[in-house]
Structure formats: structure tokens, C-alpha cells
Amino acid sequence: MPTETFEFQVEARQLLQLMIHSIYSNKDVFLRELVSNASDALDKLRLASLRDDTLDVDVSDLHIELEADSDARTLTVRDNGIGMSYDEVAHLIGTIANSGTAKFLEELRQAEDAAGAEGLIGQFGVGFYSSFMVADEVVLVTRRAGESQGTRWSSRGEGTYTLETVDDAPQGTAITLHLKPADPENQLHDYTSAWKIREIVKRYSDFITWPVRLVPPPAEADGGDGEAAPEPETLNSMKALWARSRDEVKDEEYHELYKHISHDWTDPLETIRLQAEGTFEYQALLFIPSHAPHDLFTQGYKRGVQLYVKRVFIMDDCEALLPPYLRFVKGVVDAQDLSLNVSREILQQDRHIQMMHRRLAKKVLSSVKDMMTSAPDRYATFWREFGAVLKEGLVTDAENRDALLAVASFATTHDETEPTTLRQYVERMKDGQDAIYFMTGESRAGIENSPHMEAFRAKGIEVLLLTDPVDEVWTDAVGEYEGKPLRSVAKGEIDLDSDGETTSDEDREKQGEEFAGLLGWMKERLGEDIKDVRLSSRLTVSPACLVSDTHDLTPALENLYRAMGQEVPRARRILELNPDHTLVKGLNQAFRDGKDRTALAESAELLHGLAVLAEGGRPNEPARFVQLLAERLERAL
């Protein structure tokens, strides 16, 4: 048959220009695409040989060869796979509307052939066009398995291509790229360089099923001076650990893969395997590090796991597969069939992605829960390193909130060293106690010495001690656990008189009447500094403390929002006085006796300042506070 010249279809011409100029951000991926297509061809041949006994083909050494010639500036990608007929070449490469791979998959699905579970990657026509990013001319020679005649296709990517039949084509497909001159400034590398070819194959195609071999350069292949020609070099490991059964893989191999992925020098704390079967198949091999990276909470932290499709590397940090609160998890997810954009570099937000996202998150959390019971020491390390970031999920992931609460543990007044779970807290609750009490602060010591803790300590009521910034947020978002409300000991009114040691309503009412004048006067005198002044039921030692109203933001939460650039109005606090404290009694007596209101106002101001300092705050006018305190001390001497 004579050589014929054809024009690309309109869609193909448009794609060609898009491919050459903009569609791929990294030109190296052309080789990934060609190797992926070759891998597809080998898969197709192996399956065809299983299904068709009359197909006389040799499948004993299926492989992909790469051959570079630096003098001729060519790179050839060759496989001994299924190959293509003349009509298939014309149809598949001349148009992008159809895909041999997609049609092949559809036929397998319709036939419900179990052997067809091996999904194939990509669309040949699309990936093939990426060659024109790096080549001035592309020549394809192919012969379909079982046929005697081959086909030669060539194009310079300028709108036309030629087709002709050839008689001496080997089975399979060989694509020869006549490379453009190297231009490193435009990310156009020398693709005849052996080290560059090794780098690309190692990065993108290391785990594909078939060997990728680099043929020695022509000068070396001749084996001059009577020496034997060197053997082709296999570039890929073909060791997809996630595709092998657990019994076949040593822990050391998992650890080496983790170190390769994460650039961490320590072994992982936990290795998690997942194999999903059914209508959508994928495998995952995830790792929990043994320590938190120093930049875990910085804005530029790179999160996500590596994504492969049919063992071909797609992207490094695929954020769509895990929620942000699991950003410390490293690993690999290998999907058998996934909707990608034309360049395989950006995921389409389809149901498969969401399905994997949910399943992977649940798997990680269930693994952590298993660690709590089977390996408490490792769990303690996990929570120490990653507890703060995991608690972010209590705010952002309502679907997994119960699972997150089940694996969370908190410092507690019940034990100085051992943390507690919420379930354990509930089991220890006193008779009549109807809430889970907690307090937030910067440190355990700071919380334990807070005036807000006095009544709880006196009555032996357990309090959770929360010291992470996110604790201010999740406690409001969660609200309750197993029907028990979460209550801050520093917010709202606290009534601890339900355990028998009661203060009668009559006594409270009497106290209220006795201090009513002082409370009203102090509220008016302190003005904008406070929202209200009232008697306290949470103080036993300190004279006063500041509390937030039940639904107001705490000062720490206000500061957290401001640090994130969100301006919030400053909430006024409530000043609570201990009616049994000598200082408060004396202040009330002085007020009732009508003593010097100026000195009394200074005492009220000092009392408020002391309450601010007791919770780690700063008086509005530190210099004035110091002056008043110094004068009082001077008079006392």
C-alpha cells in the first residue's frame, strides 16, 4: 500500500497545540505516558493470550525497551505487546474521541470476565500526543499480534500525518521521537541522557508490572574489540509492596519504602494496609510517622499521600485523599481506574475520590483505636506527637466525630501522668454529676493552680486539663459526649452542691441580700471592664476570679481568632467574689459602713486586677495597678 497523507481531525489538532504549549506543567511526563501505554499493550497481550487459544504469541518475556541515540538525537520506546492494525492506528491516533483502552475495558465489563479486573491506564491517543512536547517528529511502527503486516505512522505535529504498511515490523509497537534541541531554561532536557531516562522511569514508572529496560547506546551495543555487548539495564524495581500479600513483605521493606516517601530517617510508628475490592478497586499502604515534623502546623506544610493509577505515579501530595487533620500520614494509594484530567495531574472531584477519602480516614482511625488496646505505649507516642492535629477533626469532620472521640485522650486531675478517655471519665463520674468538666489553659500547672479549680479540687470532682489551642474550639463544636454536656469550669455559673454538702437556697438568698449593695456598686465602678459582678460557688481559697458568660468567647479563643486574622469584639467578663474570703467580707463591711469610697474603689480595682493576673492575663493599665498595689503595701508596713 502506498504512503498516504491524512489531516488530523479538528479535535486532535486542537489537542496537539494544547499539548505542545500548555497542558503539562512538566515535560518529563511524556515518557511516563509512553511507558504507561506500552504497559497497557503488554497487559492486553497477556489477557488476549489467556482468552484466545489460537493466538500464537510468546508471552514469556514481555517487556518495554528504551533506546537512546545521542548522535541522531532520537529516543525509542518499544514494547512487544498487543500492537495495532492499520485501521486501529488510523482510528486511535487520528482521533481522540475514542480510546482503545476504554473500549477494551468496556468489552471486559460487558463480558464480566474475571481476568478483566486488571484495569488499564489512560487513553492511548491522548498520552501519545505528549511526545510532541519534546519531539519535532514522531514515527510509530507497529504490528498487531496474530497479523503478518505492520503499519508505519509518522507526523511532525503540524496538522497532518502519514500512514503506510510495512512487511518487516516486529510484533508490538515502537515509537521513535526525533527530539528537539535541549533547552534547560524551558524545562526541555536532554532525553538521550541515560541518567535523565533513569530518573524519569524511577520517579514515575518504578512499580509497573513489566520490566523497563534501557538498551546500551549503539557504540556500546556493538561490543568492540571482541567484547560481549552489555546487557540491557532494567530501570524499574517492579516491587509494588502494596500489591503483595503481607506475608511476602518484611517489615524492613515497608520501613525502607516509608523512608523513601517521607524523607524521614526513623522507622514509622504504624504501617496500615488497605485493599478495597468491588466495583471500584484500589490498594493503600499508609504510614503513621513516629514523630511530628517541625512544620506540621505551618501554612506551607505539604500534606497528602502519593497517588498511583495502575502502578503509574500520578502525583506526590494528593490532598484530596485524606482530610487535613490526617496530614501527617504518609504512604501510597494505587487505584485501578480513576478519572483524571487529560494530563493525569489534577484529580476530578468525582465519587471515587470521595469514596477513597472516607474509607482511608476511617481505616486510619480504626488502626489508631486498635493501637490503644494492643500497643498502649505506641498509642501514647502517637497521641503525644499528633493528638493536637487530630483534634482539629472534631471541628471539621462531623461524620467521623464519634470515631475521633473514641481515640482521643486527655490529661486529667484524676492522674498526674496517665491521660484518660472520655469513656473512662464518664465511668468515674460521681453520683449526681451531670456534666463532663474541663478547663483550657497554656499548661497543666497553670490550670491546676487556677482559682476556677478550687471547688472542684475540694470536692474531688475530676476535671480534664486541655492545653492545646484547638481545645478552645472543639469543646464548643462537640458540646456533649454520650448525653453528658461538656462544661468549662471557667464559663457560666457552676453548681457543685448536688453531692450532699449543700448550701441551702435560704442561705444563698441571705448571702445575696447581704452583698447586693457591694455587687451593684462594684459593677458600676468597674464599668466597661466587666459584664457583671456576682457571688461565686467555685471559689474556696481565692478572693475573686473572672469567668466568661456561658455563650461568650474566652480570652484565649479571642486571641486565637485574632492570630488567624479574624477580628472579633472583645467579650466582657464576669467578676465572681468569694463571700467566705476575709478580703471580700472586709470590703463588704467597709461598703456597708459607708467608709471612704475612693479607697474602696481602689480596693475594688486591685481585686479585679488580681483576678486578671490569676488567670494569666494582664491588667488594662499595668502601671496604675502596680502603683495602687505599692501604696497599699506601704500603708500596711
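Which residue is the bridge partner of R152 in β6? The bridge partner is E164. The structure is a predicted model, in which local features need pLDDT of at least 70 and side-chain atom pairs count only at pLDDT 80 or more, while totals for chains, interfaces and linings use all residues. Residues are numbered from 1 along each chain as its sequence is written, and side-chain values use heavy atoms, with hydrogens and water left out.

- Strand β5 (residues 150–155) has five of its six residues buried, so the rest of the structure largely encloses it; buried means under 20% relative accessible area, exposed over 50%, and partly exposed in between, with a 1.4 Å probe and protein chains only.
- Strand β4 (residues 135–143) pairs with β5 in the antiparallel sense over five bridges; two strands pair if DSSP finds at least two bridges between them, and strands (E, at least two residues) and helices (H or I, at least four) are DSSP runs numbered from the N terminus.
- T142 stands opposite T151 in β5.
- Six residues lie between the strands in the hairpin of β4 and β5, where G146 takes a positive phi near 95°.
- β5 also pairs with strand β6 (residues 160–166), in the antiparallel sense and over five bridges.
- The hairpin of β5 and β6 has four residues between its strands, and G157 in the turn has a positive phi of about 70°.

- Three strands form an open sheet with mixed pairing, in the order β21-β23-β22.
- β21 (530–535) and β22 (544–547) stand at the edges with a single partner strand each, so one side of each lacks a neighbour in the sheet.
- β21 pairs with strand β23 (residues 573–577) in the parallel sense over five bridges, and I530 has R573 in β23 as its bridge partner.
- Helix α20 (residues 597–614) packs on the sheet and touches β21, β22 and β23, contact meaning heavy atoms within 4.5 Å.

**Helices α2 and α6**

- Helix α2 (residues 29–51) packs against helix α6 (residues 194–204) at an angle of about 65°, with their axes 9 Å apart; axes are lines fitted to C-alpha atoms, for helices over the stretch in contact, and angles run from 0 to 180 degrees between N-to-C directions.
- V29, L31 and R32 in α2 meet I197, I200, V201 and Y204 in α6.

**Cysteines**

- The structure holds zero disulfides, a disulfide being a pair of cysteine sulfur atoms within 2.5 Å.
- C318 is buried, with a relative accessible area of 1%.
- C545 is buried, with a relative accessible area of 1%.
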